[in-house]
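Please have a look at the display first, and then read the points in order.

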Amino acid sequence: MVAPALQTVDRPGKDNGRAAHGELTWDDARRLAFDCAGPLGPESMPLGEATGRTLAADVVALQEMPHYASSAMDGWTVSGDGPWVLTEAGQPLHSGEASPVVTGGVIPPGAQAVLRVESGRLGTNAAGQVMLMLREGASPGEPRPGQHIRKSGEESAAGEVLIPAGTTLNPAHIALAAVAGFDQLTVRGKPLVKMLVTGSEVVAARLPAPGQVRDAFGPQLSTVIQMLGGTPGPLVRIGDSYEEWLTALGASEAPMGQWPDVVVTTGGTGRSGADHFRNAVLALGGRLLIDGIAMRPGHPAAMGKLPNGRFVVGLPGNPLAALMALFTVGGPLLAALGHQPIPGISPVPCGTIIDAHRASTRLMPFRWIQDLAAPVDYTGPGMMRGLATADGVMVVPSRGVQPGEPVPAFALPWRPELRPPLAGS
Ligand SMILES: Nc1nc2c(c(=O)[nH]1)N[C@H]1C(S)=C(S)[C@@H](COP(=O)(O)OP(=O)(O)OC[C@H]3O[C@@H](n4cnc5c(N)ncnc54)[C@H](O)[C@@H]3O)O[C@H]1N2
Ligand code: MOO
């Protein structure tokens, strides 16, 4: 932010179970972010937007599939033995009659088979009627009864479950639902997340001048939110004034459009008079569920809940700190709202000694080096260079770690496998 008024803000929300300075432990913050939210209700979604969503109710065939008998070949529908008198397409056939049909065309009543175009030819009989007869080279017995007819119901009877609830919809499911006549599908709720990037010094393009910073969030935050199970909504930019914060977070719909389930803000989580996250949440009648976390980087991270049920996740302005806070709080919250389990933590063998730290869990991006997790360089709270090369993040306890000791770790959303690469890869 620009020229903060160095006047401290009273800490709201200090209550039972918290460390004296209001911060939660990393584990407690993660757990709270998951436990404070329940799965969103189902929603009806246009077919074309439902890929990747999880079906909330079985898709049941409304009628037989296919719903009418059709030709599998271009040719003629025929009744009885040939040669056949050619009649008008689509009319009921009597024995000894044929009519033209294209692939997918309706099989008329009385038709017993389809003679494909390669096996027949047209001529005239002595009475001048147009006749269909077998071409030389047609297979013996062609067309067999039922040949080249796609029977109705051969893919599904009416009432059969075509796609069971709980399925993650892929493009083939969408095509199947379309063929079955559906326009909308009922899918499990997925949190809509809007983003509020704050800071007068933040510029969204070109080389920043001294005192300015290039926005690290705008170009990637919506992607990460999607990877964490949210539907990214619009990204709104504001400066540093309290009024802008109130307007953007508050009752006015104008800047944020449709109500989101979650608003993720960046910056303004500090304690100076120019940091407004906490006061804006409280002024809007909200509660602070998380008011700082005993972790480095990202300790000022916060989370609130507004009276209308929206969650507000406050990420620090420093880019690495912000992503660590997003993984700690945003990931579990979005998982809970989106019917997913809390993101996993698994032990990794630490490749080095890590000294104790006063009272904080440290989130340390690491790389695999000879199957051991080695902390990467360039992990200052405002740096992205280290995380850009990282394979995962170690959750280092404040007591430190010995070489070879297993340390809890989590995967990065863009690198979901938390294990060393296979030898040779
Ligand atoms: N007196 C203290 N000062 C600070 C403390 C503290 O404990 N006492 N904690 C520091 C830590 S740690 C963090 S993290 C930040 C928290 O800052 P805010 O969330 O209030 O964020 P800002 O002050 O607005 O910005 C911090 C930093 O990040 C840069 N920034 C902001 N937005 C962006 C963006 N979109 N892209 C890239 N960089 C961004 C901003 O320019 C600042 O450099 O407070 C510390 N101070
Ligand atoms: O904790 Mo701050 O979050 O180090 O950048």
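Which atom of ligand 1 does a polar side-chain atom of aspartate 275 lie 3.1 Å from? It is an oxygen atom.

This is a predicted model, in which local features need pLDDT of at least 70, side-chain atom pairs count only at pLDDT 80 or more, and totals for chains, interfaces and linings use all residues. Residues are numbered from 1 along each chain as its sequence is written, chains are lettered from A and ligands numbered from 1 in the order in which they are written, and side-chain values use heavy atoms, with hydrogens and water left out.

1. Ligand 1 has 20 residues around it (a heavy atom within 4 Å), and Glu201, Asp215, Ala216, Thr269 and Gly270 come nearest. A backbone N or O atom of alanine 216 lies 2.9 Å from a nitrogen atom of the ligand.

2. Asparagine 318 is worth a look at both ligands. One of its polar backbone atoms is 3.2 Å from an oxygen atom of ligand 1, while a polar side-chain atom of asparagine 318 lies 3.0 Å from an oxygen atom of ligand 2.

3. Around ligand 2 you will find Pro297, Gly298, His299, Pro300, Asn318, Ala321 and Pro381. Backbone N or O atoms approach its oxygen atoms from glycine 298, at 2.4 Å, and from histidine 299, at 3.2 Å.

4. Finally, visit threonine 54, in the loop between strand E1 (43-46) and strand E2 (59-60); strands are DSSP runs of at least two residues, numbered from the N terminus. Threonine 54 counts as buried because its relative accessibility is 15%, and buried means under 20% relative accessible area (1.4 Å probe, protein chains only).

Conventions. Polar contact = N/O pair within 3.5 Å; in protein donor to acceptor, adjacent residues only side chain to side chain. Helix = DSSP H or I, 4+ residues; strand = E, 2+ residues; numbered from the N terminus. Buried < 20%, exposed > 50% of the residue type's maximum accessible area, 1.4 Å probe, protein only.
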